[in-house]
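Thanks for coming, everyone. I want to talk about charges today, and then about some backbone angles. Please have the sequence and the structure open.

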Amino acid sequence: MKRTITATIAALLFCLPLWGQQANAPDANVQNSAALEQHMRELEDRVIALEGKIRTMESAQAAQAQPAQTQPAQPQPAPSPATAETGAQTPSQPTTAPAVTSPNEAQAGVGAGAAPLPVYGGFSAASKALNPDVSVIGDFVAAAGGASAPPLATLQPFPSLEMHESEIGLQAIIDPYARGDFFISFGEEGVNLEEGYITFTALPAGFVAKVGKMRSVFGKVNLMHNHVLPWVDRPLVSTNLVGGEDGIDDAGFSIERILPAPKGIFLEATGQLFRGDSDDVFHAQQRSDVSTVEHLRGYKDISESTNLDLGLSYARGHNNGTLTLPGDLITQLYGVDATVRWKPLRRSIYHSFVGRSELIWSQRQQFPREQRSFGFYASGDYQFGRRWFSGGRFDWSDRSQFDNLRDKGFAATLTYWPSEFSQLRGEYRFTRYAESRDSNELLMQLIFSLGAHGAHPF
């Protein structure tokens with residue numbers, strides 16, 4: 001076929017000059033000249049079409065030859081004696097079925113006489129369907145100096161050396177409609193399920209729901225795991241009024257939705273319902289003693305390098321009264337949080353700043369009177385190098401069960417990041433307890449991570 005097309009093209013090319021001469025002959029009339037010129041154009045178009053067909057055939061032959069060269073030779077099974085003698089095929093021998101090309105593959109050019117399409121993902125993509133991302137984060141803390149806390153103080157000092165926490169994270173997408181996250185905490189006091197919930201991301205009307213055990217969205221610090229805090233410890237107001245390290249962390253469900261807002265403002269509303277057991281904050285004595293948490297968050301980009309994050313929080317639940325007189329009493333918490341971030345685009349890996357503050361009010365019913373406590377913290381963390389961060393924090397807080405007792409303090413931190421998988425932090429913490437007792441402590445922390453650990457809420 002190829003030889004026939006080539007010979008035809010050569011004959012046409014040979015005849016073209018003759019036809020041209022005939023067209024230019026002086027004795028030809030005008031009509032014959034126009035007809036010959038039109039016929040020449042048609043012949044030229046046919047030559048171009050034939051050359052294109054030849055190129056297409058050569059490409060197809062090259063594509064057929066390439067898989068044959070790269071495919072390894074398949075070993076043929078040795079025939080049994082009976083098969084060698086009679087030439088019959090045994091049932092154990094594999095047979096070769098003709099390749100079937102689907103209509104989609106045929107349309108795309110896949111099948112006989114065409115190069116196969118590449119396969120993306122392969123075995124790695126198939127394995128991820130059943131194996132979640134696994135990570136381990138270690139949190140080691142060493143402490144020096146300080147003094148023992150007063151008997152009624154909520155803040156307790158760190159021991160001299162402690163493997164504060166080892167967190168194992170299991171995270172994966174379950175199906176197109178949900179994902180699962182589990183965080184198991186291993187400490188010197190035992191094993192604890194810090195969080196374990198499923199998130200439904202494809203609900204109608206833009207709703208997102210979570211079901212399981214999770215940290216509440218009250219404020220900012222309560223939502224953070226230990227390894228994402230910019231300090232070794234938690235602020236006094238979080239320890240005295242919101243349960244400290246464990247905080248409001250309970251079994252329940254959560255639903256959230258992004259609300260429409262003008263002028264480029266991101267507005268998000270979250271409502272959560274929990275069982276009602278959260279450290280010393282809430283305590284459920286019967287099934288109906290559930291607790292609720294509501295949070296409204298607003299986010300706005302002030303400039304290309306600065307943004308502002310504001311939040312309002314409310315929580316309500318039953319408490320256990322006092323140690324001497326337990327009862328069915330109510331605790332209500334109100335909170336306001338603010339976060340400002342600055343990160344210049346051209347120097348983002350060398351300089352940044354994050355300022356945080358939370359104000360929390362507590363109304364706790366207990367005998368003989370209701371305790372009305374208030375506390376806050378204000379902090380700033382500045383990045384002055386690619387791996388270096390420094391920060392400071394001021395604390396001021398009443399105690400939830402004794403609103404006439406007030407603790408104060410401040411902390412200064414210096415953090416070095418050898419890489420994104422580890423950080424070394426030093427912190428000086430001063431605390432003045434309500435009992436007129438001062439404590440000066442030097443804390444050292446080493447955090448390291450193994451594996452793929454998903455991002456936490458922004």
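**Charges and backbone angles**

Start with Glu245, in the loop between helix 6 (236–241) and strand 6 (249–259). Keep in mind that this is a predicted model. Is Glu245 buried, partly exposed or exposed? Its relative accessibility is 33%, so Glu245 counts as partly exposed. Glu245 also belongs to a negative surface patch, together with Asp246, Asp279 and Asp280.

Stay with Asp279 for a moment. It sits in the loop between strand 7 (266–274) and strand 8 (291–301). Its relative accessibility is 44%, so Asp279 too counts as partly exposed.

Now the salt bridges. Side chains of opposite charge can pair when their charged atoms come close. How many salt bridges are there here? The count comes to 19.

Pair one is Asp277 with Arg275. Their closest N and O atoms are 3.5 Å apart. Asp277 has 25% relative accessibility and therefore counts as partly exposed. Arg275, with a relative accessible area of 48%, is partly exposed as well.

Pair two is Arg369 with Asp403. Here the closest N and O atoms are 2.7 Å apart. This pair links distant parts of the chain, 34 residues apart. Arg369 is in the loop between strand 11 (352–364) and strand 12 (371–383). Asp403 is in the loop between strand 13 (388–398) and strand 14 (406–419). What about burial? Arg369 is at 42% relative accessibility, so it counts as partly exposed. Asp403 is at 14%, under the 20% cut-off, so it counts as buried.

The side chains meet in a salt bridge, at 2.7 Å from N to O. Again, distant parts of the chain are linked: Glu441 in strand 16 (residues 438–451) and Arg429 in strand 15 (residues 422–432), 12 residues apart. Are these two residues buried or exposed? Glu441 is buried, and Arg429 is buried too. Now look around this pair. Glu441 and Arg429 are part of a network of salt bridges that also takes in Asp233, Arg393 and Asp395.

Next, a charge without a partner. Asp139 lies in strand 1 (residues 133–145). It is buried, yet it has no salt bridge. Which side chain of opposite charge is nearest to Asp139? That is Arg425, 7.2 Å away. What does the side chain of Asp139 contact instead? It makes a polar contact with the side chain of Gln445, at 2.9 Å.

On to the backbone. Most residues other than glycine have a negative phi, and most peptide bonds are trans.

First, back to Asp279, from the negative patch. Its phi is near 50 degrees, a positive value in a residue other than glycine.

Then Ser436, in the loop between strand 15 and strand 16. Phi of Ser436 is near 60 degrees, again positive, and again not in a glycine. Ser436 has a relative accessible area of 68%, so it is exposed.

Last, Pro368. Where does Pro368 lie? It is in the loop between strand 11 and strand 12. The peptide bond from Phe367 to Pro368 is cis, with omega near 5 degrees. Arg369, from pair two, is in that loop as well.

That is my tour. Over to you.

Notes:
Residues numbered from 1 in each chain as written. Predicted model: local features only at pLDDT ≥ 70, side-chain atom pairs only at ≥ 80, totals over all residues. Heavy atoms only, no water. Patch = residues over 30% accessible without salt bridge, like charges linked within 9 Å, V, L, I, M, F, W, Y side chains within 5 Å. Areas by Shrake-Rupley, 256 points an atom, 1.4 Å probe, with all protein chains shown as cover. Salt bridge = Lys/Arg side-chain N within 4 Å of Asp/Glu carboxyl O. Lys, Arg positive; Asp, Glu negative; His and termini not counted. Charge placed at Lys NZ, Arg CZ, Asp CG, Glu CD. Helix = DSSP H or I, 4+ residues; strand = E, 2+ residues; numbered from the N terminus. Buried < 20%, exposed > 50% of the residue type's maximum accessible area, 1.4 Å probe, protein only. Polar contact = N/O pair within 3.5 Å; in protein donor to acceptor, adjacent residues only side chain to side chain.
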